[in-house]
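Here are my notes on the model you sent over. Have the structure open while you read them.

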Amino acid sequence: MAKDDEKKETGEWKEFFWNPRTHELLGRTASSWGLILLFYLIFYTFLAGMFCLTMYVMLLTLDDYKPTWQDRLATPGMMIRPKGDLLEIVYNMKNTESWDTYVQALDNFLAPYNNSQQVMKNDACIPDDYFIQEDSGEVRNNPKRSCQFNRTMLEECSGLSDHTYGYQDGKPCVLIKLNRVIGLRPGEKGKSPYVTCRARRFKDGDEWKEDSDKIGPITYFPPNGSFNLMYYPYYGKRAQVNYSQPLVAVKFMNITLNTDVNVECTINSNSNSTQFKISERDKFAGRVIFKLRIDTE
């Protein structure tokens with residue numbers, strides 16, 4: 001009886017897979033399979049068409065050169081170069097390899113700012129005023145021109161007169177840049193934003209203190225550490241392909257050696273209409289904090 005039951009179950013399974021009497025495959029005839037496959041073909045074709053139509057309509061609302069929606073940033077972020085691990089610049093004056101990586105990083109970063117490159121790609125603009133290049137209705141004024149920022153403007157921190165950027169002598173240069181924000185106008189006519197650096201304040205008990213005696217005098221390049229207005233507004237990477245971000249070089253002339261010095265650089269403005277707000281929640285909005293340590297042993 002057991003063998004008969006096994007034969008019966010095997011026969012039923014084979015008959016379900018293919019029934020020679022009714023010509024059914026897996027319980028369906030050829031016409032039934034054709035109808036259900038046709039249904040799913042039409043159904044998924046419709047879904048794919050709806051998806052493509054939705055994407056097409058969405059893409060029609062986008063601008064290739066300017067974001068359709070953009071957060072209004074009151075204060076752009078700041079960053080330094082060279083950018084060490086954890087925003088720390090630590091090296092030994094006697095160990096060439098310890099500071100050579102910083103020198104190479106600055107060389108690579110400043111290569112596009114060579115005067116020969118800037119003269120070929122960018123314009124000599126009128127300083128202290130915005131370089132406005134608005135579109136004429138639906139006619140785009142693209143590609144937009146950019147103003148020259150020549151490497152020689154960084155003077156002692158250009159790497160041309162001193163190929164070590166002061167690192168060998170314990171007078172290092174640090175470059176500061178503002179993040180690019182499309183349409184940002186960070187000041188008024190003749191009033192450019194500028195950078196100031198100081199020793200980072202820290203809390204000692206209930207009192208705020210700072211190691212101002214450790215940081216020593218600071219020199220800024222260009223003079224006054226300003227981001228000239230002629231480099232604004234920024235129109236975006238696609239519209240302004242040759243745009244060169246303005247830089248400010250900070251040179252520490254007599255920083256205390258063999259000790260940690262926490263430095264805070266902030267962006268400031270003489271403009272009445274533009275106020276750069278520094279927030280304790282965002283340590284990169286309008287400021288940058290880094291540690292500088294120069295050892296001699």
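The points below go through the surface patch, the strands and the salt bridges.

1. Ground rules first. This is a predicted model, so to speak: local features need pLDDT of at least 70, side-chain atom pairs count only at pLDDT 80 or more, and totals for chains, interfaces and linings use all residues. Residues are numbered from 1 along each chain as its sequence is written, and side-chain values use heavy atoms, with hydrogens and water left out.

2. Have a look at helix H2 (residues 30-60), where Leu47 sits; helices (H or I, at least four residues) and strands (E, at least two) are DSSP runs, numbered from the N terminus. Leu47 belongs to a nonpolar surface patch that also includes Phe39, Tyr40, Met50 and Leu60, with about 1200 Å² of accessible area for the whole patch. Leu47 itself is partly exposed at 39% relative accessibility (buried is under 20% relative accessible area, exposed over 50%, partly exposed in between; 1.4 Å probe, protein chains only). Patch members have over 30% relative accessible area and no salt bridge, and nonpolar side chains (Val, Leu, Ile, Met, Phe, Trp, Tyr) are joined within 5 Å, like charges within 9 Å. Areas are Shrake-Rupley with a 1.4 Å probe, and for residues only the protein chains shown count as cover.

3. Next, strand E11 (residues 261-268). Because 6 of its 8 residues are buried, E11 is largely enclosed by the rest of the structure.

4. Which residue forms a salt bridge with Glu264? The partner is Arg200, with the closest N and O atoms 3.4 Å apart (the criterion is a side-chain nitrogen of Lys or Arg within 4 Å of a carboxyl oxygen of Asp or Glu). Glu264 is in E11 and Arg200 in the loop between E6 and strand E7 (201-204), so the pair ties together parts 64 residues apart in sequence. Glu264 is buried at 5% relative accessible area, whereas Arg200 is partly exposed at 24%.

5. Asp260 and Lys291 also meet in a salt bridge (3.9 Å, N to O). Asp260 is in the loop between strand E10 (248-252) and E11, and Lys291 in E12, so this pair ties together parts 31 residues apart in sequence. The structure holds 10 salt bridges.
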